[in-house]
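Subject: Handing over the structure

Dear colleague,

Please find the structure below, with the sequence beside it. Once you have had a look at both, you can read on for what was found.

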Amino acid sequence: MLRFTDSLTGVKTEFTPRDPGKASVYWCGPTVYDVPHLGHARSTLAFDVLVRYLRWSGYDVCAVSNITDIDDKIIARAAEEGTTEPDLAARYEKAFIGQMNLLNIAHPDLRPRATEYVDQMIAIVSDLLDRGMAYSTDSGVYFDVDRLADYGALVHRSTDDLREGAGARVDVDGEKQDPLDFALWKAAKAGEPSWDSPWGPGRPGWHIECTAMSTTYLGESLDIHGGGQDLIFPHHENEIAQMESFTGKIPFSSIWIHHGLLRLDEEKMSKSLGNIVSAKDALSKHSPDALRLFFL
């Protein structure tokens, strides 16, 4: 019997795929604006091992992991380097895949790029507006979390508790009806890449990107969705809100899996903290197998 601890329920749950003998798996891939570090490698390895084990167990697996190639950080880094967002994203995507190859990490079956699915994102946002689950302002389109009775279930916190810290991660937009409401579509700003939409030129919010890509390849519900613990809120919480409001199918994912984070000097390894070790530097001192075993 194969069991996983489901992040949503906190319970060890028997793996029972929707289609016997098959398994659909989606995990959130990198935002490609810099060279990969060991935290990225640890994350990707977690799902490499998961997919390999499912296949070894006899499951026919469809594994999907995205590339976020449009984002605030990509826009800022492209401006800093005097290049375009597509060129910058392509360069760091190549660097990421190259480093994962050196660690013998298997490629997902599908690796969609966010910018290739903007039409699907616009269609989902339009549907959410039609259903009254979202509203439009001059700054964009926002999901109305007050329409959900169980928002916060994945992170195991109440909306009142989450609302208290809503401004800690990003600046609160004064046009939002609630600090917890999150962007589905961002109105265009001068000098930024944009796409035409029913609400004017703009670009998608981060959370809607994964919803569109997972739906395109794995359908309206899937067996396993996951990523690092740092994605539980707001990213995966908001994915659940969008997807279940869009499709009406509950649960969106049968099991949620989140891995622990690589730490250096008792802090999460991240570019923002500056406590990173690049995959390239680590591989210059240690073998790929040694690093795989270390992560595991």
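Helices (H or I, at least four residues) and strands (E, at least two) are DSSP runs, numbered from the N terminus. Before going further, please keep in mind that this is a predicted model, in which local features need pLDDT of at least 70 and side-chain atom pairs count only at pLDDT 80 or more, while totals for chains, interfaces and linings use all residues. Residues are numbered from 1 along each chain as its sequence is written, and side-chain values use heavy atoms, with hydrogens and water left out.

To stay with α8 (residues 232-247), its 16 residues should span 22 Å at 1.5 Å a residue, and this agrees with its end C-alpha atoms, which are 21 Å apart; the expected span is 1.5 Å times one less than the number of residues. Of these 16 residues, 15 are buried, so that α8 is mostly covered; buried means under 20% relative accessible area, exposed over 50%, and partly exposed in between, with a 1.4 Å probe and protein chains only. P234 is found in α8, and a cis peptide bond with omega of about 5° joins F233 to P234.

Turning to the strands, an open sheet is formed by four of them in the order β4-β3-β9-β10, with parallel pairing; two strands pair if DSSP finds at least two bridges between them. Because β4 and β10 (253-259) stand at the edges, each with a single partner strand, one side of each is left without a neighbour in the sheet. From one strand to the next, the twist averages 20°; axes are lines fitted to C-alpha atoms, for helices over the stretch in contact, and angles run from 0 to 180 degrees between N-to-C directions.

Strand β3 (residues 22-27) has five of its six residues buried. It pairs in the parallel sense with β4 (residues 60-65) over six bridges, and with β9 (residues 222-228) over three bridges. W27 stands opposite S65 in β4, while in β9 its bridge partner is G226.

Which helices lie across these strands? Helix α7 lies across β3, β4 and β9, running at about 160° to β3, whereas α8 lies across β9 and β10, running at about 160° to β9. Within α7 (residues 206-218) you will find T211, which counts as buried because its relative accessibility is 0%. Leaving aside neighbours within four places in sequence, T211 is in contact with I124, E239, Q242 and M243, where contact means heavy atoms within 4.5 Å.

Helix α4 (residues 118-130) packs with α8 at an angle of about 70°, the axes being 10 Å apart. That makes α4 roughly perpendicular to α8; angles under 35 degrees count as roughly parallel, over 145 as roughly antiparallel, 65 to 115 as roughly perpendicular and the rest as oblique.

N104, although not a glycine, has a positive phi of about 60°, and N104 lies in the loop between α3 (85-102) and α4.

With best wishes
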